Amino acid sequence: MTTLAPESLGYTVRVAEVIEETPDTSSLVIDVPDDLADRFTYRPGQFLTLRIPSERTGSVARCYSIASCPLTDDRIKVTVKRTAGGYASNWLCDNVTAGNDVHVLPPSGTFTPRALDGSFRLFAAGSGITPVMSILKSALESDAGTVALYYANRDRGSIIFAAELADLETRYPDRLTVEHRLESESGLPTPESLASFARGGEDSDVFVCGPAPFMAMVKGTLTGIGYDRHRVYIEEFMSLDGDPFAPIQTLTSGADADSATVEVTLDGDTHVLAWPADATLIDVMVNAGIDAPYSCREGECGACACTLTEGTVDPGNTDALDPDDVADGYILGCQATPTSPALKIEF
Ligand SMILES: Cc1cc2nc3c(=O)[nH]c(=O)nc-3n(C[C@H](O)[C@H](O)[C@H](O)COP(=O)(O)OP(=O)(O)OC[C@H]3O[C@@H](n4cnc5c(N)ncnc54)[C@H](O)[C@@H]3O)c2cc1C
């Protein structure tokens, strides 16, 4: 495997096992050494970012959602489905075997329930099951959560985690229902089938992961039948272009005449920082020694989403946010630069 530059961010961890889930999907089960256990605690729905070697570019970075359950599974499992013509997913499925090392960034992401003991309506299509599986297992483990999963696939052979889901349905007959929608038998998901599955669950938290048209159909259908759009959470799978393993820019200039002042609240602590006009919020926070949440640093993953409550910014690339998020004041810390002298931001 490619040797990494010593200044790269991230950690090297060992793959303990590779599981062939379906003909085109493999899980990597990762052993986290004891001294990294704190750094690799995760919430259901979060993802790891893997560095994949490339002779052409040195490496590429790709995010993979964690399919294991933080409450019950000792090891972290990510599940990779081959993308037709894709580079990293095929490289991982073709090359990684038990005992190999992989280079990763710690768990990150905001596609995660605030509490596990409520009612959940989950919607997944294809490899979109990975973060949803972690949420599903965690809610069942919480003793009180109830879960209904709508899971769309091409055909029976492409259902990832089919046996595990069937086993969970047997173990939790009163708290878990799974509706499989197979294109080979019933066609693609329709608004009617989604609405009929969703009716009666209007007070649920909704987590949706799959291809963009599927997620748009779920969100549109649910809000159309009375679900609160603020409780419909979406995780979009896309490939990163940049290198999130490159070190964070060191800010040498500090405060200057163009700097704004930002009051930023994270985990209950408020920090007042000088924010140079050409630096991103994440650069400023990391340079100030704050353990800010971020991952891809190109506006694609949403790990650094926060709310602007005062002032204005140039938001940069906001691909990870949907228009509703932007209307609600969300920005991305890895992209935003200040355009007013005083700002307040909450994570
Ligand atoms: C938050 C998040 C969670 C995700 N979770 C999952 C998950 O659980 N499971 C899953 O399967 N996917 C997941 N994804 C999607 C995953 O990150 C990748 O987008 C997906 O695997 C496709 O990547 P790919 O490289 O195979 O395909 P592509 O990105 O389509 O590959 C083509 C790209 O690779 C470049 N390329 C081609 N050859 C080379 C080469 N030799 N060297 C360098 N570059 C090359 C091309 O220029 C092109 O840009 C997730 C994405 C996100 C953002």
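Which residues form one aromatic cluster with F120? The cluster is made up of F111, F120, F207 and Y233. The structure is a predicted model, so local features need pLDDT of at least 70 and side-chain atom pairs count only at pLDDT 80 or more, while totals for chains, interfaces and linings use all residues. Residues are numbered from 1 along each chain as its sequence is written, and side-chain values use heavy atoms, with hydrogens and water left out.

A pair of aromatic rings is described by the distance of the centres and the angle of the planes. Here, rings of Phe, Tyr and Trp (its six-membered ring) pair if their centres lie within 6.5 Å; planes under 30 degrees apart count as stacked, over 60 as edge-to-face and the rest as tilted. Seven aromatic pairs turn up by this rule. Strands (E, at least two residues) and helices (H or I, at least four) are DSSP runs, numbered from the N terminus. As for exposure, buried means under 20% relative accessible area, exposed over 50% and partly exposed in between (1.4 Å probe, protein chains only). Y11 is partly exposed at 27%, whereas F40 is buried at 4%.

S27 is in strand β2 and is buried, with a relative accessible area of 0%. Its side chain makes a polar contact (a pair of N or O atoms within 3.5 Å; within protein, one must be able to donate a hydrogen and the other to accept it, and residues adjacent in sequence count only if both atoms are side-chain atoms) with the side chain of T79, at 2.8 Å. T221 belongs to helix α6 (residues 212-224) and counts as buried at 11% relative accessibility. Leaving out residues up to four places away in sequence, T221 touches P191, L194 and A195, where contact means heavy atoms within 4.5 Å.
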